[in-house]
Amino acid sequence: MEKIYYNNPLLKRSSELRKDENFLKNILNSENVNFIPMRGDENYFISGKEEIKPLILKKQELELCTKEINLDKMIFLGKINEKFYFSINIKSKIEKNNLEIDQGDIITDQLRNVIGSLTELDSSYLALAKGMIFWHERNKFCGVCGSKTKTEEAGFVLKCVNKNCNESHFPRTDPAIITLVSNKDKVLLARSSRFPQKMYSTLAGFVEPGESLELALKREVYEEVGVNVNKIEYFQSQPWPFPASLMLGFFAETEDTDLNVDKNEIEDANWFDISQLKDLTHPDITDGFKLPRFDSIARRLVNDWIRRHE
Ligand SMILES: [Zn+2]
């Protein structure tokens, strides 16, 4: 079974508790709580000789790092095995000598940079914390009237403080389609100049207002490589909080084999057969190529297609 990151079901969001301020305040003062500190959009980790682990703080440890342990500074992430998880953005960097950590160093980093060292469950609460802090950082002021906003519902609502406006703002996530296009026994992979060196991936793009997933998929594929797709089949979805996307994965088929590549978007695109996908070689690509990151839905689309066509 392939690992699925950023979306583990053991993290129970317990959204029904978000409005229960008294309950959450009591929990904050209990022993039954773990705090996930953030520094802006970077997560905190303990970096040891052999492994990197998330930095998880107990109440007493958090008190050594910040004085602001109030519910309105917290984002309630949910429960894992009956333990309550909160995230807090700590502006001043947490230093190792604040805490009693025997081994390793405290570091901050982008979640994606260390994902290879984390469990699927770790990746899930860290991704939620990151996505929520990102949204908070960009919504300190009301988009309607420009007044300040304040936290409600354990961080999941930002409410305008201007009583005449009173607008509630909710966390946003941007839907994006991602699709593996195939023609008989070949699949289409492409690379953008923004990709890591040598990486070829599936096509992807954001859904626009007033657009269905299917039409967004057809539009993006046509824009990027000039082929018309039919037979669209839903695969899976994956949150991708880098910074705020939800990837919706599809398989699509096309009769067209000639590509008309949009050079502004796509540096190179090719058709690949199974043996080329397995060997990571292609006659038109010097010195081979790489498939997408193991934690991405793009990679799962490719792997799933290979399994189905072996
Ligand atoms: Zn307002």
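Visitor: What do the buried residues of helix 1 pack against?

Guide: They pack against strand 1 (33-39), helix 2 (59-65), strand 4 (74-80) and strand 5 (83-89). Bear in mind that this is a predicted model.

Visitor: Which residues of helix 1 are called buried, and why?

Guide: Leu24, Ile27 and Leu28, in the helix spanning residues 21-28. The word calls for under 20% relative accessible area, so these three fall below that cut-off.

Visitor: How do you know that they sit on the same side of helix 1?

Guide: Their arc around the axis is only 100°, and therefore they share one side of helix 1.

Visitor: Which exposed residues does the face turned away from that buried side carry?

Guide: Asn22 and Asn26. Exposed means over 50% relative accessible area, so both asparagines are above that mark.

Visitor: Zooming out, how much of the protein chain is buried?

Guide: Of its 310 residues, 49% are buried. As for secondary structure, the chain has 7 helices and 15 strands.

Visitor: What share of the contacts with a separation of 6 or more joins residues 24 or more positions apart?

Guide: That share is 65% in the protein chain.

Visitor: And how much of the accessible surface belongs to carbon and sulfur atoms?

Guide: They take 45% of a total of about 16,300 Å².

Technical notes: Residues are numbered from 1 along each chain as its sequence is written. This is a predicted model: local features need pLDDT of at least 70, side-chain atom pairs count only at pLDDT 80 or more; totals for chains, interfaces and linings use all residues. Side-chain values use heavy atoms; hydrogens and water are left out. Buried means under 20% relative accessible area, exposed over 50%, partly exposed in between (1.4 Å probe, protein chains only). Helices (H or I, at least four residues) and strands (E, at least two) are DSSP runs, numbered from the N terminus. The arc is that of the directions from the helix axis to the C-beta atoms. Contact means heavy atoms within 4.5 Å. Accessible areas come from the Shrake-Rupley method with a 1.4 Å probe; for residues, only the protein chains shown count as cover.
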